[in-house]
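Subject: Structure handover

Hello,

The structure is below, with notes on what was found in it after that. Please read the notes with the model open.

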Amino acid sequence: MSNEVAEEVLAAPLASQTQETTQTTHKLERKWAFWYDSTKPKQGAGWGSTLKKAYTFDTVEEFWCLYDQIFKPSKLVGNADFHLFKAGVEPKWEDPECAHGGKWTVAASRKTNLESMWLETLMALIGEQFDEGDEICGVVASARQRGDKLSLWTRNAANEAVQMSIGRKWKEIIDVTDKINYSFHDDAKKDKSSRGRYSV
Ligand code: MGP
């Protein structure tokens, strides 16, 4: 799917689906939003200009509809990202919930690998499988020429114990045994190539 097509799909209202959700729906514990970012401007000024909130939802049925129709990493082309963040939290360092946070990152060896890790993470988040769910901001799937990746954003980078617990649980959920690293957004702001502060 090209970025243009992806944008068209994102712009189209989910009319038929929302009508159907008047039947039996299963409420999630909290509201979530899917975001999309296409070809990113280079570093610095202009970052975020292509970042768009696509849909907010709070039922299991809406989640599956959005996931099936749009938010599969196989539909990402070029340098593009899908995000699932708590409603009200923007996937930016500047958001107050993210400002003092950081992220665990895992590299995806293949597209199918990204696809399954993304889905497992989405289900764990909306299903509230993390004990420290309140400490999580959201997750980002990134398609990159040099290698796809998944990042789990958390809100309080300085709390090492919480980050280690989240990192361990995440590895179980996505079935990863290799070491993963946690970086502080504050470090990334200063130096793009900054190394992680924690690993698990
Ligand atoms: P990135 O997209 O998180 O890293 O940040 P990636 O994917 O390794 O690199 P990419 O170039 O392949 O996209 C890349 C750059 O985007 C950063 O160095 C910043 O300049 C900018 N940037 C990224 N994020 C998440 C933010 C943000 O939240 N706020 C601002 N102001 N800039 C950001």
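This is a predicted model: local features need pLDDT of at least 70, side-chain atom pairs count only at pLDDT 80 or more; totals for chains, interfaces and linings use all residues.

**Confidence and conventions**

Residues are numbered from 1 along each chain as its sequence is written, and side-chain values use heavy atoms, with hydrogens and water left out.

Over residues 1-5 the pLDDT stays under 50, and for this stretch the model has nine contacts (heavy atoms within 4.5 Å) beyond four places in sequence.

**The sheet**

Helices (H or I, at least four residues) and strands (E, at least two) are DSSP runs, numbered from the N terminus. Two strands pair if DSSP finds at least two bridges between them.

Eight strands form an open sheet with antiparallel pairing, in the order β2-β1-β3-β5-β6-β4-β7-β8. The edges are β2 (51-59) and β8 (198-199); each has a single partner strand, so one side of each is left without a neighbour in the sheet.

- β1 and β2 run antiparallel and are joined by seven bridges; Tyr-36 stands opposite Lys-52 in β2.
- β1 also pairs with β3 in the antiparallel sense, over six bridges, and Asp-37 stands opposite Asp-81 in β3.
- β4 (residues 102-107) and β7 (residues 181-184) pair in the antiparallel sense over four bridges, with Gly-102 opposite Phe-184 in β7.

Two helices pack on this sheet. Helix α4 touches β1 (27-37), β2, β3 (80-86), β4, β5 (136-143) and β6 (149-154), and its direction makes about 165° with that of β5. Helix α5 touches β4, β5, β6, β7 and β8, and its direction makes about 25° with that of β4. Axes here are lines fitted to C-alpha atoms, for helices over the stretch in contact, and angles run from 0 to 180 degrees between N-to-C directions.

**Helix packing**

How do α3 and α4 pack? Helix α3 (residues 60-69) and α4 have their axes 12 Å apart, at an angle of about 165°. They are therefore roughly antiparallel to each other; angles under 35 degrees count as roughly parallel, over 145 as roughly antiparallel, 65 to 115 as roughly perpendicular and the rest as oblique. On the α3 side the contact is made by Phe-63, Trp-64 and Tyr-67, and on the α4 side by Glu-115, Trp-118, Leu-119, Leu-122, Met-123 and Ile-126. These residues divide into eight nonpolar, no polar and one charged (Ala, Val, Leu, Ile, Met, Phe, Trp, Tyr, Cys and Pro count as nonpolar, Asp, Glu, Lys and Arg as charged, and the others, Gly among them, as polar).

The axes of α4 (residues 111-126) and α5 (residues 160-174) come within 9 Å and cross at roughly 125°. α4 and α5 are therefore oblique to each other, and α4 passes α5 in a right-handed crossing. In this contact Met-117, Glu-120, Thr-121 and Ala-124 of α4 meet Trp-170, Ile-173 and Ile-174 of α5. The division is five nonpolar, one polar and one charged.

**Backbone points to check**

Most residues other than glycine have a negative phi. Glu-128, not a glycine, has a positive phi of about 55°; Glu-128 lies in the loop between α4 and β5. Glu-128 and Leu-28 are 100 residues apart in sequence and 8.9 Å apart in space, C-alpha to C-alpha. Leaving out residues up to four places away in sequence, Glu-128 touches Glu-29, Arg-30 and Trp-32.

Asp-175, also not a glycine, has a positive phi of about 60°, and Asp-175 is in the loop between α5 and β7.

Regards

Technical notes. A crossing is left-handed if the near helix is turned anticlockwise from the far one by less than a right angle, and right-handed if clockwise. pLDDT is the predictor's confidence in each residue, from 0 to 100.
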